[in-house]
Amino acid sequence: MRISTFFYTIKQGIINIFRNKWFSLASIATISACLFLFGLFYSILMNVQNIVKTAQEGVSVTVFFDEGISDERIQQIGDEIQKRPEVSKINFISADEAWDSFKEEYLGEYADGFTENPLENSASYEIYLNDVSMQPALVSYLEGLDGIREVNRSDITAASLTGINALIAYASIGIIAILFAVSIFLISNTVTIGISVRKEEISIMKYIGATDFFVRSPFVIEGMLIGAIGALIPMGIIYSVYNEVISYIIGKFSNLSKLLAFLPVNEIFAKLLPGSLIMGIGIGFLGSIITVRKHLRV
Amino acid sequence: MSIKIQVVKKVAREQRGRRRKGTASDEIITMNHVSKAYATGAPALNGVDLHIKKGEFVFIVGDSGSGKSTMIKLLLRELVPTEGEINVMGYDLVRIRHRKIPMFRRNLGIVFQDFRLLKDRNVYENVAFAQRIIQKPTKEIKRNVPSILATVGLAGKYKAKPRQLSGGEQQRVAIARALVNRPSILLADEPTGNLDPKNSWEIMKLLEQINENGTTVLVVTHNREIVNAMQKRVVTMKKGVIVSDEEKGGYIDDED
């Protein structure tokens, strides 16, 4: 294709968009809505995933030992736990360390009244998992070990977080699929109108000897441009409000601030922006190519 | 290497395709026993034979329903005949592949009764449009369009929109558009149908001049006066058959 032909085609595509403004606007709006929701769900999913991941990394199982257990046995238990595949990290907390952190956290200056360590038998292992769903299995294994008095599991139930994530994912896939279909339908309508408006021009083009490709490409370009615009608008909106929404959420739930580990906007957009553009242009391409093949029997 | 061989083979194949049904070398349009029937009613064309040589000027006359329009559509390969052979410029229009049709049509210039100009574009753009379609470089378009507009006598009006022009001027634009790609054949379907006598004459003179410059011209018309005055070959059609084909003929009255 010649460069002049390429620019001519693009120009005609843009003229098409302006020639039936309202339909173009409707198509752009639908794609925008579609990709806005996509961007929204994507951001939520990524953040929930990140929160779950952070929470999972923070979830620990604590193991206390029988009274009078020997240091060797503690060491032995530690080695055995370390070997488990689901264990990512294991920390030994001696009785003194436990008391020190307890004092610091809860007693402050009142701790001076204690002369002995009241937590003498509270040495423990803090065990971190790389997969929280393995927690029940690990707990029952630990309870079966010799020399263990008590196993404390963390209260954050990973299952519920994972469940929420899956729910959001399914709901968003459903809604996005419906919006995709609507977008393709609307783009198809827009292009159909464009074709009927230019019917005479197309018939002249065919008489003069325009190839199918030459006749069709402006309409496909039109669809792809609509898709690209429809993708850029919601991305702009999400980009500009993302940080504000997050600081609002953190402000509102400040007691959960340790748990709410949000991703920075640039990290989200590194994948979201190209993804949305590809989808927008893809919808436009699909919608217009289907229509052009159907209505432009050249 | 293999690409080269493929290209050579392709060219050979195309040449074979063109030469199929050996047309006489100076015949540019050949119709042999061509019939066209639509789904309902009598055939629109019934066993038509027509041979037109390179450089001829031919009127095709006849009432509505005589099969003129069907003939034009067959020559443009808008329709395929139900029977018979059509060969235009070496293209076998019965067997031509769909994707070859645009290339074939680039050899034809077409002028319609209702001009069919693009109303949202000026004279220059209307003519340049034809060159854009065949993907001429902009540089050439800028050279070709003014020269063809001068030929049809519209050099000063290239910025005007179609609605600012008279009917005669609009038809000149249409002729310029048909000619700018230097076709071998110009097909004019009732080119003076919407024009007053003075403009009709001017358009006909222009077509004659184009013919003198070597383009084969086919004019479908109702205009008795012009046909009688110009003394060209006249093919008269009636109810789907050619009833007369005369060199330097006249308009045959329909009085049976």
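In which helix is A:Lys21 found? A:Lys21 lies in helix H2 (residues 21-58) of chain A, where helices (H or I, at least four residues) and strands (E, at least two) are DSSP runs, numbered from the N terminus. This is a predicted model, in which local features need pLDDT of at least 70 and side-chain atom pairs count only at pLDDT 80 or more, while totals for chains, interfaces and linings use all residues. Residues are numbered from 1 along each chain as its sequence is written, and chains are lettered from A and ligands numbered from 1 in the order in which they are written.

**Stop 1: A:Lys21 and chain A as a whole**

Keep A:Lys21 selected: this residue counts as exposed because it has 9 C-beta neighbours inside 10 Å. A residue is called buried if 20 or more other C-beta atoms lie within 10 Å of its own, exposed if 12 or fewer, and partly exposed in between, with the C-beta atoms placed from the backbone.

Now colour chain A by secondary structure, which comes to 9 helices and 4 strands, and read along the sequence to find the pattern α-α-β-α-β-α-β-α-β-α-α-α-α. Of the 298 residues in chain A, 29% are buried. Among the contacts of chain A with a separation of 6 or more, 88% are between residues 24 or more positions apart, a contact being two residues whose C-beta atoms, placed from the backbone, lie within 7 Å.

**Stop 2: the sheet of chain A**

Select the strands of chain A, which form an open sheet of 4 strands in the order S2-S3-S1-S4, with antiparallel pairing; two strands pair if DSSP finds at least two bridges between them. Strand S2 (87-93) and strand S4 (148-152) of chain A stand at the edges with a single partner strand each, so one side of each has no neighbour in the sheet. On average, neighbouring strands of this sheet are turned by 20 degrees against each other, direction ignored.

Next, pick strand S1 (residues 60-65) and strand S3 (residues 124-129) of chain A, which run antiparallel and are joined by 5 bridges. Within this pair, A:Val63 has A:Tyr125 in S3(A) as its bridge partner. Then show helix H3 (residues 71-83) of chain A, which lies across S1, S2 and S3 of chain A and runs at about 165 degrees to S2(A); axes are lines fitted to C-alpha atoms, for helices over the stretch in contact, and angles run from 0 to 180 degrees between N-to-C directions.

**Stop 3: strands of chain B**

Move to chain B, whose secondary structure comes to 8 helices and 10 strands, and in which buried residues make up 39% of the 256 residues. Strand S1 (residues 27-36) and strand S4 (residues 83-88) of chain B run antiparallel and are joined by 5 bridges, and B:Thr30 stands opposite B:Asn87 in S4(B).

**Stop 4: the nonpolar cores**

Which residues touch the most other members of the largest nonpolar core? Select B:Ile60, B:Val127, B:Ala176 and B:Leu187, which do so among its 102 residues; a nonpolar core is a set of buried Ala, Val, Leu, Ile, Met, Phe, Trp, Tyr and Cys residues joined through C-beta atoms within 7 Å. Helix H8 (residues 212-252) of chain A gives the most to this core, with 12 residues. A second, separate core of 7 residues includes A:Val63, A:Tyr125, A:Leu129 and A:Leu142.

**Stop 5: confidence**

Finally, colour chain B by pLDDT, the predictor's confidence in each residue, from 0 to 100. Chain B averages 87, and 89% of its residues score at least 70. Among the elements of chain B, helix H1 (residues 2-19) has the lowest mean pLDDT (51), and S5(B) has the highest (96). Where pLDDT is low, the predicted coordinates should not be read in detail.
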